[in-house]
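Me: I have a structure open here and I'd like to go through it with you. Can we take it piece by piece?

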Amino acid sequence: MTGSNSDALRRAQCAAATRLMVMENLLDYSGHVSVRAPGRDAFYIQPAMQPRTDVTPDSMLLVGFDGKVIEGNERPPVEIAIHIGIYKARPDVQAVVHSHMELAIWFTMMEGVQLMPMRARAIRWRSGIPMDDDPSHIKTPEQGAKLARALGPHHAVLMRAHGSTLVAESLPALLVDAVHFDENARAQMQVLQAGRTPLPLTDAELEQIDRHEMREFHCEKLWKYYVGKGVKSGAVPGEWELDA
Ligand SMILES: [Zn+2]
């Protein structure tokens, strides 16, 4: 298969998105990006032990919804149940990132404070940013299903004292969401650190932003920017085929 839905493109974009998120401090020694394998109950994800800076299209494992590795010889990440739970519950989701983004974690630790849409790009999370109350690693199918229930129809879920998981319609969109999720959390934290009361976007303001939203264009533009930055800095090999 070729084109935007090909397995080869998805493997390459998954490896690139992982490296680019490390470059942007959105992922570190742990956390993982996955993408649905087109037309089957399976997804691509990196091996558990491989440094996030080193993943390649060829190192991606193909893993089934039963957690078994279909292609590849390495073991998948310990928290693979996150990805399985969400792909099973959300047919619309094509890509998932689980990270231990510090800013996101802080919003699971403050009494009476909820992460809210502060910056315009947080229109993506207009429907809400729920939290799963399980603070442990997500290792079992039951935990994965519970996380997916906490996520519900939304596009992000915080994980108490642990991290966050974002979902999107493509890997380029997932990278863009991760960038803006971090920006939005930082904006709210800076207001709090200034000792002021956050003024999140109102419903009327979100409505106005939504009227002018050009998500597809924006995701394409930022993907191009981050891939270019990654290639120039050496984070991503220039020869990878990353565009549909
Ligand atoms: Zn985790």
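Reply: We can, and one term comes first: two residues are in contact if their C-beta atoms, placed from the backbone, lie within 7 Å. Keep in mind that this is a predicted model.

Me: OK. Which residues does Arg-10 touch?

Reply: Leaving out residues up to four places away in sequence, Arg-10 touches Val-35 and Tyr-44. Arg-10 itself lies in helix α1.

Me: Is Arg-10 buried or exposed?

Reply: Arg-10 is buried, because 25 other C-beta atoms lie within 10 Å and the cut-off for buried is 20 or more.

Me: And how far is Arg-10 from Ala-37?

Reply: In sequence they are 27 residues apart. In space, C-alpha to C-alpha, the distance is 7.7 Å.

Me: Core next. How many residues are in the largest nonpolar core?

Reply: It has 64 residues, and those with the most contacts inside it are Ala-17, Met-21, Leu-174 and Leu-175. Helix α1 gives the most to this core, with 9 residues.

Me: What does Leu-174 touch?

Reply: Its contacts are Ala-17, Val-33, Ala-95, Val-97, Leu-166 and Ala-168, again not counting residues up to four places away in sequence.

Me: Let's do helix α5. What length should it span, and why?

Reply: Helix α5 covers residues 171-193, which is 23 residues. At 1.5 Å a residue the helix should span 33 Å, and its end C-alpha atoms are 33 Å apart, so the two agree. Just after α5, Gly-195 takes a positive phi of about 80 degrees.

Me: At what angle do α5 and α7 pack?

Reply: The angle is about 85 degrees, and the axes are 9 Å apart. Angles of 65 to 115 degrees count as roughly perpendicular, so α5 and α7 are roughly perpendicular to each other.

Me: Which residues make that contact?

Reply: From α5 they are Pro-172, Ala-173, Leu-175, Val-176 and Val-179. From α7, residues 215-233, they are His-218, Cys-219, Glu-220, Leu-222, Trp-223 and Tyr-226. By class, the contact of α5 with α7 has 9 nonpolar, 1 polar and 1 charged residues.

Me: How do α1 and α7 cross?

Reply: Their axes cross at roughly 75 degrees and come within 10 Å. That makes α1 roughly perpendicular to α7. On the α1 side the contact uses Ala-16, Arg-19, Leu-20 and Met-23, and on the α7 side Tyr-226, Val-227, Gly-230 and Ser-233. The residues of this contact of α1 with α7 divide into 5 nonpolar, 2 polar and 1 charged.

Me: Going back to buried parts, how many residues of helix α2 are buried?

Reply: Of the 10 residues of α2 (80-89), 8 are buried, so this helix is largely enclosed by the rest of the structure. The buried ones are Ile-80, Ala-81, Ile-82, His-83, Ile-84, Gly-85, Ile-86 and Tyr-87.

Me: What do those buried residues pack against?

Reply: They pack against β1, β2, β3, β5, α4 and β8.

Me: What is the phi of Asn-25, then?

Reply: Phi of Asn-25 is near 60 degrees, a positive value in a residue other than glycine. Asn-25 is in the loop between α1 and β1. With 10 other C-beta atoms within 10 Å, Asn-25 is exposed.

Me: And where is Ala-161?

Reply: Ala-161 is in the loop between β7 and β8. Its phi is near 60 degrees, a positive value in a residue other than glycine. Ala-161 has 12 other C-beta atoms within 10 Å and is exposed, because the cut-off for exposed is 12 or fewer.

How values were computed. Residues are numbered from 1 along each chain as its sequence is written. This is a predicted model: local features need pLDDT of at least 70, side-chain atom pairs count only at pLDDT 80 or more; totals for chains, interfaces and linings use all residues. Helices (H or I, at least four residues) and strands (E, at least two) are DSSP runs, numbered from the N terminus. The expected span of a helix is 1.5 Å times one less than its number of residues. A nonpolar core is a set of buried Ala, Val, Leu, Ile, Met, Phe, Trp, Tyr and Cys residues joined through C-beta atoms within 7 Å. Axes are lines fitted to C-alpha atoms, for helices over the stretch in contact, and angles run from 0 to 180 degrees between N-to-C directions. Angles under 35 degrees count as roughly parallel, over 145 as roughly antiparallel, 65 to 115 as roughly perpendicular and the rest as oblique. Ala, Val, Leu, Ile, Met, Phe, Trp, Tyr, Cys and Pro count as nonpolar, Asp, Glu, Lys and Arg as charged, and the others, Gly among them, as polar.
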